[in-house]
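Please look over the following protein model. The report below covers its fold, its aromatic pairs, its surface and a few individual residues.

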Amino acid sequence: MAIRRIKAFFEFEAAGGIVLALAAIAAMIIANSPLNIWYEGFIHAPVAIQIGEFAIAKDAHHWINDGLMAVFFFLVGLELKREVLIGELSNVKQIILPAGAALGGMIMPAIVYLLFNYNEPEFWKGWAIPAATDIAFALGILSLLGNRVPNSLKVFLVSIAIFDDIGAILIIALFYTSELSLESLAVAGLCLPFLYVLNRRNVTNITPYLLIGLIMWIAVLKSGIHATLAGVVLALFIPMFDRTDPEHSPLEELEHDLHNTVAFGILPIFAFANSGISLEGAGFAELFHSVPLGIAAGLFIGKQLGVMIMCWLIFKLGISTMPKGMDYKQIYGAALLCGVGFTMSLFIGGLAFAGDTTMFDERLGIIMGSIVSGIAGYIMLKMSLKDNASGTSVDLTRPH
């Protein structure tokens, strides 16, 4: 009976978001308890891999953020490729609305953040932190509403998150890259022709891709570009179709195999390692510093403004129509859920500030903004879906 219940939980759509939240809560509790010394010891434990004179020596925190998260970005890359080839992004007409909403949802939060920090140029580098959306949390919250949620709303939210991920990947590559090592970049570049040949020759065994991908990850790690981007690039070469067996998709098979590992292993470990915010000695100035406040406001205010303004413009200009089964209330609820930044926001926050200041902790703003956005989005969608169920809503099949 217990095993059956555990299996049922992990099959629950919101399970990934719940485990992620529990990991973050556990880190917060431990970081503010006598166990904090053990937590800090775990985070900063040195871990080294050495073969002859070649060595990679980092603490556990960096291995999690640069290593384990490369697997997460690899999965993101697989999902992006699948969506472009056979999914929601394969139809140009279907991508206009979520693409525009995602663009607005990245630009407006950055503007809100910069307004809070306009007179502090040294803090401008955190502008991209509130531009991200955590799809695991957002969909987890959405799934709590049950089967009342129209499929078009799920597709809309997932599509926004996909474009949001593309934006985050580009932002990391363009704006959060340190000094480049041309030699390491050359090694990473040499891996690409080999991956291309494997793909063109219909090699469906994943092992050679992963071996070359590992070499590319090491080279990118040494190059100055963030190593997680190697995961995205590797994913683009994994074959979508097996030309000798049309029923077999190496990409979808690998995506399925990685999903639980990422959702219930890698992301909770990342959340645990990055959410341990110690409030010891924190006063009014630290809690209400312009950086965490700007991040929280960007996630809660900027996200909903950006998504709603862009959707309204797209409808007004006649570029796209309201998805069937949805109305403005539901779009607003989805816009609020987009303010749940968490995983990607924590990731970008670590790149932007990397613990180089004691004046504030940007993670406070991420957690505050994500919690408020998640609660507000849940309440808004629950109310709108209740209205629809009672027959008081507008005609959802009619374009607005």
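Two residues are in contact when they have heavy atoms within 4.5 Å. Leaving aside neighbours within four places in sequence, S320 is in contact with L97, I314 and F315. The model is predicted: local features need pLDDT of at least 70, side-chain atom pairs count only at pLDDT 80 or more, and totals for chains, interfaces and linings use all residues. Residues are numbered from 1 along each chain as its sequence is written, and side-chain values use heavy atoms, with hydrogens and water left out.

## Overall picture

The protein chain has 16 helices and two strands. These are DSSP runs numbered from the N terminus: helices are H or I with at least four residues, strands are E with at least two. Among contacts in the chain with a separation of 6 or more, 80% are between residues 24 or more positions apart.

Buried residues make up 50% of the 400 residues. Buried means under 20% relative accessible area, exposed over 50%, and partly exposed in between, with a 1.4 Å probe and protein chains only. The accessible surface of the chain is about 19,400 Å². Carbon and sulfur atoms hold 68% of that surface. The areas come from the Shrake-Rupley method with a 1.4 Å probe; for residues, only the protein chains shown count as cover.

## Aromatic pairs

The structure holds eight aromatic pairs. Rings of Phe, Tyr and Trp (its six-membered ring) pair if their centres lie within 6.5 Å; planes under 30 degrees apart count as stacked, over 60 as edge-to-face and the rest as tilted. Two of the pairs are set out here.

| Pair | Centre to centre | Angle between planes | Class |
|---|---|---|---|
| F42 and F272 | 6.2 Å | 55° | tilted |
| W63 and W217 | 6.2 Å | 35° | tilted |

The F42 and F272 pair links distant parts of the chain. F42 is in helix α3 (residues 36-43), F272 is in helix α11 (residues 250-274), and 230 residues separate them. F42 is partly exposed, because its relative accessible area is 38%. F272 is at 24%, so it also counts as partly exposed.

The W63 and W217 pair links distant parts as well. W63 sits in helix α4 (residues 60-86) and W217 in helix α9 (residues 206-223), 154 residues apart. W63 counts as buried because its relative accessibility is 17%. W217 has a relative accessible area of 11%, so it is buried.

Ring pairs also join F72, F73, F270 and F347 into a cluster.

## A nonpolar surface patch

Which residues make the nonpolar surface patch of about 880 Å²? They are V92, I96, I301, L305, I309, W312, L313, L317, I319 and Y328. Patch residues have over 30% relative accessible area and no salt bridge; like charges are joined within 9 Å, nonpolar side chains (Val, Leu, Ile, Met, Phe, Trp, Tyr) within 5 Å. A salt bridge is a side-chain nitrogen of Lys or Arg within 4 Å of a carboxyl oxygen of Asp or Glu.

α5 (92-116) and α13 each supply at least two residues of the patch. α13 gives the most, with five. L317 lies in the loop between α13 and α14 (328-337). L317 counts as exposed because its relative accessibility is 62%.

S320 is found in the loop between α13 and α14 too. Is S320 buried or exposed? S320 is at 13% relative accessibility, so it counts as buried.

## H289 in its loop

H289 lies in the loop between α12 (284-287) and α13 (290-316). Its relative accessible area is 11%, so H289 is buried. A polar atom of the H289 side chain lies 3.0 Å from the backbone nitrogen of V291. Leaving aside neighbours within four places in sequence, H289 is in contact with F123, M359 and F360.

## Positive phi

N202 is a residue other than glycine with a positive phi, near 60°. N202 lies in the loop between α8 (182-200) and α9. N202 counts as buried because its relative accessibility is 14%.

F342 is not a glycine either, yet its phi is positive at about 30°. F342 lies in helix α15 (residues 342-353). At 5% relative accessibility, F342 counts as buried.

Note on methods:
Polar contact = N/O pair within 3.5 Å; in protein donor to acceptor, adjacent residues only side chain to side chain.
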